[in-house]
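Work through the exercises below with the structure open. Each task is followed by a solution in steps.

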Amino acid sequence: MWKYIRKYLHFAVIAAAFMVGEVLMDLLQPELMSAIVDDGVLGAGTGGVGNLHLIWTLGLKMICLVLFGGLCGSLNNVFVHLTGQNIGNDMRKDCFRKIMEFSFPQMDRFGAGSLVTRVTNDITQVQNFVSQFVRGMIRTSMLMFGSIFFMFRLNRDFGRIVLCAFPFIVGILALCLSKANPLFGKLQAQLDEINAIMQEDVSGIRIIKACVRELYEKIRFGKANDELVKTQLQVLTIFAFMNPAVNALMYVVVLIILAAGSVEVGTGTATPGTIIAAITYTTQLLNGILMLVMLFQNISRGIASWGRVREVLDSEPDLKDGGFTGSTMLHGQIEFKNVSFAYPGSPQVVLKNINLTIHPGETVAIMGTTGCGKSSLVNLIPRFYDATEGDVLVDGVNVREYDQKALRRKISIALQKSELFSAPIRENIAWGKPGASAEEIAQAARTAQADGFICAAPDGYDTLVAERGMSLSGGQKQRISIARSIVKGAEILIFDDSTSALDLKTEADLYAALKETSPASTKIIIAQRIASVRRADRIVVLEGGQIAACGTHEELIKSCPVYQDIYDSQMGEEERYG
Ligand SMILES: Nc1ncnc2c1ncn2[C@@H]1O[C@H](COP(=O)(O)OP(=O)(O)OP(=O)(O)O)[C@@H](O)[C@H]1O
Ligand SMILES: [Mg+2]
């Protein structure tokens, strides 16, 4: 935290100086009030004759103090917020930068909902904590210790009475905070849950409506919300009981001061003005304590949130860069050597002992039943995950030895689920190659068979894509994703089931165009349909995470029963388009 505070320490120090001014003005007023009552109203020094001139002079002095105190308070607020907002801004940027560096396993571990809560709500809590701390700590401690000090200066007996009440107040505060503290971490975790549900439900609203699951989701969200409210009410109840308890204690103090004061006025050791001033100081002390309670509440919440923000900031990327950025004699060779893989934290072995070499310029298709490990296999090539056993080599170099960016520059991947951004189609394609020319973008779109529908749209390549590509059909999204991967011009092209939403004719045209425009690149095509893969140089059949067979369409149709089964089930389509 110090790293962030240090940068804006000057704002915090200026804020603190203004706060000292504000509180000093508050503390000087009761003494003036005491003088107004004793000398101005009761005429203590002039034989009981009031002094109107003195009342006006001291009254004016009081108003000046109030105005000056108010000015100090306003300036303090400005500098406090400059400190808090700037710190929050830096933290948000750092967290975002960190999240961008996260590996896939780290993203899986945190979850998107939790990361959103941490970057938004948790950092706001930390920001509030810093502001409250800078403003509140000085104000409360000065108000508390200042009023006790002035009270002693006014009358030692009154000072002692207030001091005696102190241990009781501390006891009440400690009890309440010990009860409330564990609830703050729980509150943030429950917010995570609500955010995760919100994200899922808002992005999946179409499927919720289609499956008429609105009621179920309403209940799920309602339950999470009720839990949050329950915890929040527990916290509020604790503090709701604490405030009157502290208040009552302070009124007991006021009563004792009045009783002791009445005796002392009789003996001449105190004046009515002193009693009024003592009561004002007691009220100020009470204000200080109540403020301290609020402050502790914010601090506790801020500390709980800071812990969660720190988890993000302190996470080191768990894929260590190898640093290799050089070039090799090979361009586009991939080798799996005895590769086995299980997702971090999962006992299921997804890939078992894979041995496969894909040569530069070769087109290799991967087929297999759903969940057999096709996506997992190709995700090891750009090192989205690390193999649990064995090695993955790209151009003869182990992927662990590469600088991650250098490795990923060699590879272009169109993911199974097309992710588009809310930007014009042109930008979505150029994402693959920042600074790509209009002709390069159009050429990639033509190869991806996307040029037709893009040009037919009123704004052509400038058509805005809605959030997550909502304004496009599944097949259109897939083709833009493919164009994005093609424009990159990488040595290795991976299509993870990226043409599943295309009709067979468009898909066949796409692969033919790709063969023509990118003859040298190595192509890995994951697909479910024989028509998509039959022209590949080799077809790898995966079964239960293992390679069941590998060969050309003609070889597999003769020798691989799994492939034969798939072929038989798709025969009709094959004959028409094959
Ligand atoms: N992030 C993950 N964490 C844990 N397990 C996962 C993860 N992703 C996939 N799996 C599991 O790994 C196995 C293989 O998944 P994978 O996505 O590789 O299958 P696939 O062959 O691509 O299937 P599909 O044809 O449906 O895309 C599945 O059993 C799946 O449950
Ligand atoms: Mg898959």
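**Exercise 1. A pair across two strands**

Which residue in β7 does Ser-412 stand opposite?

Solution. Some conventions come first. This is a predicted model, in which local features need pLDDT of at least 70, side-chain atom pairs count only at pLDDT 80 or more, and totals for chains, interfaces and linings use all residues. Residues are numbered from 1 along each chain as its sequence is written, while chains are lettered from A and ligands numbered from 1 in the order in which they are written.

Step 1. Strands (E, at least two residues) and helices (H or I, at least four) are DSSP runs, numbered from the N terminus.
Step 2. Ser-412 stands opposite Leu-493 in β7. Ile-411 stands opposite Ile-492 in the β7 strand.
Step 3. β6 and β7 (residues 492–496) run parallel and are joined by four bridges. Two strands pair if DSSP finds at least two bridges between them.
Step 4. Look at the two faces of β6. Ile-411 and Ile-413 point one way, Ser-412 and Ala-414 the other, and all are buried. Buried means 20 or more other C-beta atoms within 10 Å of the residue's own; exposed means 12 or fewer, and partly exposed lies in between, with C-beta atoms placed from the backbone.

**Exercise 2. The four-stranded sheet**

Which strands form the open sheet with antiparallel pairing, and in what order?

Solution. 
Step 1. The order is β2-β1-β4-β5.
Step 2. β2 (349–358) and β5 are at the edges, each pairing on one side only.
Step 3. Six bridges link β1 and β2 in the antiparallel sense. Among the partners, Val-339 is bridged to Ile-354 in β2.

**Exercise 3. Cores**

Solution. 
Step 1. A nonpolar core is a set of buried Ala, Val, Leu, Ile, Met, Phe, Trp, Tyr and Cys residues joined through C-beta atoms within 7 Å.
Step 2. The largest core has 67 residues; those touching the most other members include Ile-429, Ala-445 and Ala-483.
Step 3. Helix α15 (residues 474–487) gives the most, with five residues.
Step 4. Ala-483 touches Ile-429, Ala-444, Ala-445, Ala-448 and Ala-450, leaving aside residues up to four places away in sequence. Contact here means C-beta atoms, placed from the backbone, within 7 Å.
Step 5. A second, separate core has 55 residues, including Val-80, Cys-95, Ile-148 and Phe-296.

**Exercise 4. Positive phi**

Find where Arg-383 and Asp-395 sit, and decide whether each is buried or exposed.

Solution. 
Step 1. Arg-383 is in the loop between α10 (374–379) and β4 (389–394). Its phi is positive, about 65°, although it is not a glycine.
Step 2. Arg-383 counts as buried, with 23 C-beta neighbours inside 10 Å.
Step 3. Asp-395 is in the loop between β4 and β5 (397–398). Its phi is also positive, near 50°.
Step 4. Asp-395 is buried, with 20 other C-beta atoms within 10 Å.

**Exercise 5. Overall form and confidence**

What is the radius of gyration of the protein, and how does it compare with the globule rule?

Solution. 
Step 1. The protein has 20 helices and ten strands.
Step 2. Its radius of gyration is 36 Å, well over the 25 Å that the globule rule gives for 578 residues, so the protein is more spread out than a compact globule. The radius is taken over C-alpha atoms, and the rule is 2.2 Å times the number of residues to the power 0.38.
Step 3. The C-alpha trace spans about 125 × 50 × 45 Å along its principal axes.
Step 4. Mean pLDDT, the predictor's confidence in each residue from 0 to 100, is 89 for the protein. Among the elements, helix α20 (residues 571–577) has the lowest mean, 54. Where pLDDT is low, the predicted coordinates should not be read in detail.

How values were computed. Two residues are in contact if their C-beta atoms, placed from the backbone, lie within 7 Å.
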